[in-house]
Amino acid sequence: PAAPPSGKDSATAPKKKDDKKKKAPEMSEEDIAKKEALEVMVKSVSDPQAGVQKLALESIRSEIKSATSSMTSIPKPLKFMRAHFAALKEVFETYPEGPNKQLLADILSLLAMTMPESKGLSLKYKLAGTKESLELWGHEYVRNLTAEISAEYEQRKDKGLPNDDLMTLVDDIV
């Protein structure tokens with residue numbers, strides 16, 4: 001019998017089956033604690049008391065802000081919150097107009113950037129959000145929002161619709 005091309009016998013050659021199976025990296029205790037804390041915050045967003053909602057929204061925003069300052073990949077708080085995107089969108093629809101709805105819109109705007117099939121949602125939620133400076137969320141967010149603004153601007157221009165709200169965002173970017 002011919003020897004394998006690598007010169008090793010088949011008993012010591014790596015198994016192809018093992019190469020194909022890549023285990024998902026296990027989360028550290030710190031990551032597990034952060035994920036659980038974010039899940040509690042997400043649940044608190046649905047609380048009937050506006051004060052509890054506001055505290056939860058500000059806590060989520062703080063977690064995301066600290067993680068997005070140097071975004072080269074999707075920060076862990078955003079990864080952990082992706083599973084709650086649909087639920088948070090539903091909660092958004094139930095909120096009355098006001099500061100809590102604006103805070104949630106900011107969070108949804110940033111989270112939408114990480115979601116597949118969410119074309120235009122970052123812009124939709126940012127327009128409903130606070131007037132806070134866009135740069136607080138990092139350059140990747142601004143880059144994504146810029147692309148959505150451009151596409152929306154063209155659509156509105158073709159339909160003859162006003163674009164003052166878009167131009168306000170452009171002024172903030174520039």
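A polar contact is taken as a pair of N or O atoms within 3.5 Å; within protein, one atom must be able to donate a hydrogen and the other to accept it, and residues adjacent in sequence count only if both atoms are side-chain atoms. The structure is a predicted model, in which local features need pLDDT of at least 70 and side-chain atom pairs count only at pLDDT 80 or more, whereas totals for chains, interfaces and linings use all residues. Residues are numbered from 1 along each chain as its sequence is written, and side-chain values use heavy atoms, with hydrogens and water left out.

Ser122 belongs to helix 7 (helices are DSSP runs of H or I with at least four residues, numbered from the N terminus). Ser122 is buried, with a relative accessible area of 0% (buried means under 20% relative accessible area, with a 1.4 Å probe and protein chains only). Residues up to four places away in sequence aside, Ser122 touches Ser109, Ala112, Met113, Tyr141, Asn144, Leu145 and Glu148 (contact means heavy atoms within 4.5 Å).

The axes of helix 7 (residues 121–128) and helix 8 (residues 139–159) come within 8 Å and cross at roughly 90°; axes are lines fitted to C-alpha atoms, for helices over the stretch in contact, and angles run from 0 to 180 degrees between N-to-C directions. The two helices are therefore roughly perpendicular to each other (65 to 115 degrees). Leu121, Ser122, Leu123, Lys126 and Leu127 of helix 7 meet residues of helix 8 including Tyr141, Asn144, Leu145 and Glu148.

The side chains of Asp106 and Thr130 are joined by a polar contact of 2.4 Å. Beyond four places in sequence, Asp106 touches Lys126, Gly129, Thr130, Glu132 and Trp137. The C-alpha atoms of Asp106 and Glu132 are separated by 9.0 Å, the residues being 26 apart along the chain.

The largest nonpolar core holds 37 residues, of which Val45, Ile60, Ile64, Met81, Leu88 and Leu104 touch the most other members (such a core is a set of buried Ala, Val, Leu, Ile, Met, Phe, Trp, Tyr and Cys residues joined through side-chain atoms within 4.5 Å). Helix 6 gives the most to this core, with eight residues. Apart from neighbours within four places in sequence, Leu104 is in contact with Val45, Leu57, Leu88, Val91, Phe92 and Tyr95.

How values were computed: Angles under 35 degrees count as roughly parallel, over 145 as roughly antiparallel, 65 to 115 as roughly perpendicular and the rest as oblique. Buried means under 20% relative accessible area, exposed over 50%, partly exposed in between (1.4 Å probe, protein chains only).
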